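User: Could you pick a single part of this protein and take a close look at it with me? I would enjoy one connected walk through it, with its surroundings brought in as you go.

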Amino acid sequence: MRKNLLFTLIVVVASATIFVGCNRKNSDGAPIPRFEEYTYDHHNEGVSRTVILFQRIKNADKSDALAIIDTMNYRRTFAERIDENSTIFDLDAIAEAIQAEISEEGVLAGVECESRIEQMPILSREGRVVCFETSYYVFMGGAHGYESLIYDCYDVATGSLYDFAYLLEDEWGDAMRALIYNKLRYDYGEAVFPSITPENIHIPESVLITESGLMLVYQPYDIAPYSEGILSVELSDEAIAATGAPLVWIKDFEVIESK
């Protein structure tokens, strides 16, 4: 499944790159974000390694929406290290604080500890949606480290962060739960915890809007043992629409709904 996930992302990123190279505005007439990467890499051999790759929106001054997305991405990426209302970017201070903590842990543990925050942007839906893929990895000694893969998706025209909790609400909720549960069981079988049922399956925090639907990403321990790693399921627009749930990420939902 990891290989399939990687292939999906390569295709999405490649198509997004082509689109950005040919257009500066999306189909709504909103400016398409352009990105610049902040990079921090500090290696104290035998003690610690800290890597940060963070994406700033280079043309955030071109619209209020892009400015909002840029700030929200900063807040969400480093939520535990900054005030939730902070608008001042101080990436160097954050990186140095993480490095200091990891170094201290490495000295105490007697092993090389590691912290990685690696982010990349993904544009989809004709440039109307921008998603940030953020991979976190921390090793503080012990049997293994902890990893997570988070997707945050935004409407480029408004700056709004998509919230997918509504998919399990209202009259379509039961059908959506069944759709997600059946796809998980089909893809992963008995790897999923026996306690996971159609009644208690949930929408994960991490959801990617792809060109053809949604990819739901479950972290280690979320619905399966750590040994299974990160699990993901892809749901097509058509499958979701068939449950009766509105597709809020599609500009002209009635076109999909009528198919």
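Analyst: Happy to. A residue is called buried when its relative accessible area is under 20%, exposed when it is over 50%, and partly exposed in between. Please keep in mind that this is a predicted model.

Let me start with the whole chain. Its secondary structure comes to six helices and eight strands, and along the sequence these follow the pattern α-β-β-α-α-β-β-β-α-β-β-β-α-α. Of the 259 residues in the chain, 47% are buried. Among contacts between residues at least 6 apart in sequence, 56% join residues at least 24 apart.

The part I would like to look at is the largest pocket, together with the elements that line it. The volume of this pocket is about 520 Å³, and its lining is made of 20 residues. Thr77, Glu80, Ile117, Tyr136 and Val138 are the lining residues nearest the pocket's centre. Two or more lining residues come from each of α2, α3, β3, β4 and β5. Strand β5 gives the largest share, four residues.

An α-helix has 3.6 residues a turn, so residues three or four places apart point the same way.

The chain has one disulfide, between Cys131 and Cys153, with 2.2 Å from S to S. Cys131 sits in β4 and Cys153 in β5, so the pair ties together parts that are 22 residues apart in sequence. The link is right-handed, with 110 degrees about the S-S bond. Both partners count as buried, Cys131 at 0% relative accessibility and Cys153 at 2%. Cys113 is buried as well, at 0% relative accessibility.

The loop between β3 and β4 holds Arg125. Its phi is near 55 degrees, a positive value in a residue other than glycine. At 7% relative accessibility, Arg125 counts as buried.

For comparison, here is another residue with a positive phi. Tyr221 has a phi of about 75 degrees although it is not a glycine, and its place is in the loop between β7 and β8 (231–236). Because its relative accessibility is 46%, Tyr221 counts as partly exposed.

Strand β7 (residues 213–218) contains Tyr218, which is buried at 0% relative accessibility. Leaving aside residues up to four places away in sequence, Tyr218 touches Ile180, Leu184, Ile201, His202, Pro204, Ile223, Gly229, Ile230 and Leu231. The C-alpha atoms of Tyr218 and Ser232 are separated by 6.0 Å, although these residues are 14 apart along the chain.

Terms used:
Residues are numbered from 1 along each chain as its sequence is written. This is a predicted model: local features need pLDDT of at least 70, side-chain atom pairs count only at pLDDT 80 or more; totals for chains, interfaces and linings use all residues. Side-chain values use heavy atoms; hydrogens and water are left out. A disulfide is a pair of cysteine sulfur atoms within 2.5 Å. Buried means under 20% relative accessible area, exposed over 50%, partly exposed in between (1.4 Å probe, protein chains only). On a 1 Å grid over the protein atoms alone, a cavity is a set of points where a 1.4 Å probe fits but cannot get out, and a pocket is an open set with protein on both sides within 12 Å along at least five of seven lines; lining residues have an atom within 4 Å of a point. Grid points are joined across faces, edges and corners, and a volume is the space filled by probe spheres set on the points. Contact means heavy atoms within 4.5 Å.
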